[in-house]
Amino acid sequence: MMNLLKFFPFTGLLLVSSAFAGEPWLAPGNSQVRHDIQLLVDEGVINLPISGWPIAVSDLAAALSKVPSPRSAPAKAGEGDLTPAQSAAIARLRKIASEGRPVLGVEVRAAARPMVLRTFDDEPREEGELTGYAAGFLGDRWGGRLELTVVADPDDDEVFRPDGSYFAGKFGNWIVTAGAQDRWWGSGWQGSLILSNSARPVPALSLDRAVSDPFESRWLRWIGPWRLTTFMGYMEGDRQDYDHPLLFGMRISARPLDGLEISLERTAQWCGEGRSCNWDDFWNLWSGNDNAGENVDPEDEPGNQLAGWDIRWASPIGDWNYAIYNQHTGETIDNQIPRPYRSLDIAGIETWGSNPYNSSSWRVVLEWANTRCGGTENEQKLWDCAYNNGIFNVEGYRSKGRPLGHSMDGDGETLGLRYMRVNAAAETFTGLLRYTKVNENGAVPDTRHTVAPGAEDWWSLDLTYRRPMPGGWLEASVGADYQDRLWNDTTAVLPRASISWRHEFQ
């Protein structure tokens, strides 16, 4: 793995500088923070694209700066004042985005059977984890986060992990970042088809807009707030296909109408030790000349690509608080499968509300996902399509034993119901019930699939409670999987539990 510490030539200064201002990036993983931001965006209090994570703290701060300070008196109907739940969400988010003390902290996590079917939440990956971190800005331009985790009995044999570390510089309205950041692309809460936190983060160099203000031109202003992010990552060695391939990603999001966010997204694996890796290869990849036997010779095919869209529309009809969303992702595979059907989907509907007499709020999400490329008459050709590739033909679209996309891996289907509630003290309760078909038609044993060697049906239930504490929080989770292992005609009930404690020093 690339040594990320070379990205931090100013790490020592980070620990002694008095010019801290929070940190540049808001990482995925905290559902309560995501709920707060989504609540304010959906109810028209702030306006910025939020389906791609991490989110630039400068973008969140700019959006919050346009919101007047809430009145101390309760709002009256028709006055347009903030509701108690909106005021509470703004107060919590302003604390994240405001200038203040250095961010220096520690986190301890333990888990019995860590969760395999990961969601947006940052659950422990191993049975024991100890993390120390420091983050902040140096002046107005430079900033970053230094994070080091020590884990017990790691699945990938890496005891020391710099995941979450990065160094960033702001140039005009652009942020250049080098490091290992988790990415979550899409409106889904239970998974993303193209980039999620299923696998550990891939070290990358990225470019992002710092503030998603609309274009000033009257010809382009209709696009609304927009965000562009692109990165080039360096994947791991010791792969059974090609070591150290590069991972390219690009995503653009815009909000042209109230409540509507549209994103176009694309990723590609290319290069790798023993493969051609030059500007011609990247141009073929970028321009779409990458379909062997169609527009490029098989020996010149540059790599493995995924591309698609993500659309979320809040309350398109009526005044009821609800949103619908869809992530549609195309997968590459051999040219025997008709191109329109090499696709995966997530579809969801969510609703939310708040108590008019206090600052508590809630959200309910029903989400379905399918990672079996589907749609032709000869359905047998569609198995083993998602996250597999003829070039990267062993690990495929996976890193360190986990898919970069949806955590259930390919040939899966899941339906989940999620409920979360945030009370006046920011205590958060989350419940999640899921039914998942894992590796529906996998050959037995399927050596490439990372969840199960053959077809299995899972019922999963998870309950999580997070309580704020002075300088941090305490979180506890319990759950269980009922697994019907169709491939060997056995069943199992496997409980799990985890606990996490984080403290930031004053």
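Student: Okay, a polar contact is a pair of N or O atoms within 3.5 Å; within protein, one must be able to donate a hydrogen and the other to accept it, and residues adjacent in sequence count only if both atoms are side-chain atoms. What does a side-chain oxygen of Asn278 reach at the start of H5?

Tutor: The backbone nitrogen of Asp280, to within 3.0 Å. Bear in mind that this is a predicted model, where local features need pLDDT of at least 70 and side-chain atom pairs count only at pLDDT 80 or more, while totals for chains, interfaces and linings use all residues. Residues are numbered from 1 along each chain as its sequence is written, and side-chain values use heavy atoms, with hydrogens and water left out.

Student: Which residues of H5 are buried?

Tutor: In H5, residues 279-287, they are Asp281, Phe282, Asn284 and Leu285. Down the helix axis they fall within an arc of 160°, so they line one face; the arc is taken from the directions from the axis to the C-beta atoms. Buried is under 20% relative accessible area, exposed over 50%, and partly exposed in between (1.4 Å probe, protein chains only). Helices (H or I, at least four residues) and strands (E, at least two) are DSSP runs, numbered from the N terminus.

Student: And what's exposed on the other side of H5?

Tutor: Trp279, Asp280 and Trp283. The cover over the buried residues includes strands S12 (226-234), S13 (246-257), S14 (260-270) and S15 (303-314). After H5 comes Gly288, with a positive phi near 90°.

Student: Which residues form the aromatic cluster?

Tutor: Phe248, Trp270, Trp279, Phe282 and Trp286. The structure has 15 aromatic pairs. Rings of Phe, Tyr and Trp (its six-membered ring) pair if their centres lie within 6.5 Å; planes under 30 degrees apart are stacked, over 60 edge-to-face, and the rest tilted.

Student: How are Trp142 and Phe171 arranged?

Tutor: Edge-to-face, 5.7 Å centre to centre with 85° between the planes. Trp142 is in strand S6 (residues 142-151) and Phe171 in strand S8 (residues 166-171), which puts them 29 residues apart. Trp142 is partly exposed at 34% relative accessibility, and Phe171 is partly exposed at 37%.

Student: What about Tyr387 and Tyr397?

Tutor: That pair is stacked: 5.8 Å between centres, 20° between planes. Both lie in the loop between S18 (361-370) and S19 (398-399), so the pair ties together parts 10 residues apart in sequence. Tyr387 is buried at 0% relative accessible area, and Tyr397 is buried at 0% too.

Student: Last one: what does Pro84 touch, leaving aside neighbours within four places in sequence?

Tutor: Pro356, Asn358 and Ser359, where contact means heavy atoms within 4.5 Å. Pro84 sits in helix H4 (residues 84-97), and its C-alpha is 4.6 Å from that of Ser359, 275 residues apart along the chain.
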